[in-house]
Every structure is written in C-alpha cells, then in structure tokens.
Amino acid sequence: VTKRPTTESILKKSHPLQKTFDLLRGVDPAFKAADSAQKEVGYWAYGLDFKDPVDRTGTDPLGNGVNGEEITFSARSGVARYAGSDLTSEAFQAKVVEDCSKIENLTSVYRPTTGGRGEIYCFMHDFKTYLESNRRTFPVASHTLVDELLAWQRNKSCTGVGCYKNRLGTGVTQGRENGGLYEKGTGFSADGKTIKFMYIGANMSIPRTNLDLAIIVPEYEEWRDSALKENREDVALGVEAIGLTGRALWIATMDALVSGVITAVPTSVGLSFVVLTVTTGNWQVAAIATITIVGVMGCFFLTFVAQAQTLGVYESMFLSLTAGFAVDYVVHLAHAYNEADASDRCDKMQHSLTAMGVSVVSGAISTLMASMMLFICSFNFFSTYGSFIFFVIFWSLVWAMLFFPAAMMTIGPNGGSGDILVLRKLQGHTQRSSRDRESSEMAIELGLKESPGGGMRGNGGREEEGVSPVGRVGHVGAMYEVAHRDV
C-alpha cells in the first residue's frame, strides 16, 4: 500500500470546482511547480526542552473559547517548555554563525543558481556582518547581546551590509521584496537580558506543494539528522538544536495512518476470533471463520492496490474497518452450522446454507446495489466509501459462500467436536449426546407410543392422524419426526 503523495481533496480531481482549488493552491498536475516556486522553510530551534518541547496541559485543540470568542494560540496548541540554556554566551553566538554556514551547504537547501549560496535565514550571521562593517567586534558580551540585537533591529537608517531586513545586503531575504520572509525564517525571544529561544532557517530545495513522501522524507531526514549531529559534536555548550520543517506534520500524519492500519488489522482479526468463539461456542468453527475473514481482507487489500489507490485519511479509516464488514456473512453461516442437529459435517453445512444462504445472498445484493449509488458522488469521502463497501461485501460474499462451506465440509467439526461446554451451557444448550433423550422425552409428552403393528398410536390407542409415513417406520424415526415438526 502506497502512502498518498498529496493532501486530501474534497471533490474528485475531475470536478471543475476541485480543479479551481488546485490551480489556486498551485498543485494542479497540468502546471508543474518550477524550481523557483515557494519552498518549505526548515528550522533549527535552540532553547527548547529537547525531549518534551511543548506543554499541552489544559489545551483545547478543537475549542472555540468561552462564549464562542477566539481562543488563544497557547490555549489551543500549548506552551513552549524552555531548557533554560545560556543562549547569550559568546561561545554560543559563534556556534550559531557556524551552524548557519553548515546548513547553507546542505543538499536539502535551495540554491537560486548552480554553485550559489543557499537561501538561509540567519539573524546572527547578519548581526555579525553588521558589527564588522561598523568596525566592531563579534561576538559581543553576553550581558549586552539583547540590547545590541534590539538596537540593530530598530535601526531604520542603516543602508550598509548586514542591516536588519536589508534586501540589498547580506540580510538573506535573498533579493526578495517581502521582508516578512526574514522575520518568519529566523528570530529570537528575549526575557529581560536573557534569550530563552532562538531559531535559524533555510528554504528547502523541494517546492512546498510537493508532498510525495519518497521525495520529501530524505530531505527532511537530512535536515533533522544534521541538527542531531551538531548536538553530538557540541555537547560542551549544553544547547541542543531541534531540526524540523513544515513537512514534519505531513510525514507524521502519514506514518500515523500506516501504523494505525497495521495495528487495527491484526487487532480486529483477533477480536473477530474472540467474538466468533463466544457466538458459536465452538473454537474450531470460529477458527475457520476467522481464516475466511483474513481471506476477505487479503483480497480486498489486493483490490485496493490493483485500483492504484493510495493511503490517505479516508482509506486508513476504511481499511481499519475491513474486518468488521468481512465478518458479517460468515458469522451467520457459522452460527447456523453449529446450531444444526445433524452430527455429520456435510449435513450441518447443508443445514447452514439452507437456513441462512438466501438471507446472506439477498443481504449482500441489496448492500452492493446501495453502495453502487455512491460511485457517482462528487465528494471524495462518499465515492471512496462506496468503493470500500462494494468490494468488501463482494469478497465477503464470495468467501462466505464458496470457501467457508468447502472448508467446513472438509475439516469442520463433527458432532460436538470443538464445543466449549461452558459457552454452550451459557447459550442454553446441553451436550449433544443428550439431544436424543430430549427428543424422546418430547415425544412421550406428546402422548406417543409404539403400536403392536409398528405404527404410532396415541390418544388411548387410536392411530394418530396427520403423522407422515416417515413417522411409521419405527420408534426412533417417529420421535425425530414429531420433534422436528414441533420445532
């Protein structure tokens, strides 16, 4: 199963409105994103608690605040946990500039021209250039760093190299008119004379609209691992960088979808076996029915792949539900098989198909016809759901009516074999060996007795009317005849 290379679309790709959305977002396949298209920004963040960077206690991600007013970002997403590291030391200032030079040379960072500079956002690098252009030394004293940085940011008259947001200088807006990109790409958060959080960034090499995991995962891993490598090499400073990009959310989402399916499928199969065992009271019947369910799921997954489907949010949810739909028909046949009075497995299966076959087939046909109506829906959720229902029910019917009967007639339990007596008693059944006695007692209660001529008489010795010829063959045959007729 292949992970989805694009975000979920509300409508089918062929729908005119969806095409409009794709054009506005720049993801229409007819217009391939150019190398100069908007990039995803990667960050190295310093000062956060490396192991647990966000405190989400009391957050309400889906809430709308009290009385409907807008909820604050911290109330929705959490509050940052800071590591308390010294981000103002002279050694750390030099390290940040060095890190900026390192990320500029990463292959995952975009370069406007071959062999040119990587597009990085590094305020410390520009601050250093600004100081040196004014014949001042870098790094500055730790107790003056915050004041120096704020003065640099507020200097509106600066026109030389290294000026804050100076697109003509080294201020890494890279010639772009939008100075806001610089503010989003790098910065710091100060508390008095202390810097508690700092981040630098770079434009990644792959266009932002490209979400193909086969392409973006290597880019993300290089970015993340490069930060981890720096942490190992600069242990003495006690400051750890966290490497992340905006793609981390998409990658984590897709990984969660895959792991969800991998977890849900075996869990649902195991739960199906437990439910079937409790329902039928026979572990052998439950085991063969569970094998049937696994066969249904296997065929459906192959159909999913054959249709060139990819794993998205809808598909992940539906694949997790496959076992629940696959069990629907086989459980009826399995229960009817185990309730049959016959002792031979072939007779038991014949009874099961006679009792439940018509209902199973009729139910499947009505469900298949209903699901086909969803194929024409424009909304992806409904069309995907219709396809899911159709093929799961189709394979469920095939396996329940072909494989399951064949398996039960070949290796199914005979008589009371495989019965779990505790469950059978809880279901109101006694052992199968006592059924003959129950039938005999029922016949006696009906006032039947064997006549001297071998016929059945009751009501004071008069020959009973309405008893079939089978009932006159003998005493045992008559008891079963009358008992079955009564049932």
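**Overview**

Residues 24 or more positions apart make up 71% of the chain's contacts (heavy atoms within 4.5 Å) that have a separation of 6 or more. This is a predicted model, in which local features need pLDDT of at least 70 and side-chain atom pairs count only at pLDDT 80 or more, while totals for chains, interfaces and linings use all residues. Residues are numbered from 1 along each chain as its sequence is written, and side-chain values use heavy atoms, with hydrogens and water left out.

**Composition of the chain**

- The chain has 16 helices and twelve strands; these are DSSP runs numbered from the N terminus, with helices being H or I of at least four residues and strands E of at least two.
- Of its 487 residues, 39% count as buried, that is, under 20% relative accessible area with a 1.4 Å probe and protein chains only.

**Nonpolar cores**

- A nonpolar core is a set of buried Ala, Val, Leu, Ile, Met, Phe, Trp, Tyr and Cys residues joined through side-chain atoms within 4.5 Å.
- The largest such core has 39 residues, and Leu276, Ile293, Phe404 and Met408 have the most contacts inside it.
- At least two residues of this core come from each of helix 8 (247-280), helix 9 (283-306), helix 10 (313-320), helix 11 (322-339), helix 12 (345-372) and helix 13 (380-411).
- Helix 13 supplies the largest share of this core, ten residues.
- A second, separate core has 36 residues, including Val96, Leu106, Tyr164 and Val239.
- Apart from neighbours within four places in sequence, Met408 contacts Val285, Ile288, Tyr337, Arg345, Met349 and Pro413.

**Packing of helix 9 and helix 11**

- The axes of these two helices, helix 9 and helix 11, come within 9 Å and cross at roughly 150°; axes are lines fitted to C-alpha atoms over the stretch in contact, and angles run from 0 to 180 degrees between N-to-C directions.
- Helix 9 and helix 11 are therefore roughly antiparallel, a term for angles over 145 degrees.
- On the helix 9 side, the residues making the contact include Val285, Ile293 and Phe301, and on the helix 11 side they include Ala326, Val330 and Tyr337.

**Surroundings of Glu148**

- Glu148 lies in helix 5 (residues 145-154).
- Leaving aside neighbours within four places in sequence, Glu148 is in contact with Phe127 and Arg136.
- The C-alpha atoms of Glu148 and Leu131 are 9.7 Å apart, with the two residues 17 residues apart along the chain.

Notes:
Buried means under 20% relative accessible area, exposed over 50%, partly exposed in between (1.4 Å probe, protein chains only). Angles under 35 degrees count as roughly parallel, over 145 as roughly antiparallel, 65 to 115 as roughly perpendicular and the rest as oblique.
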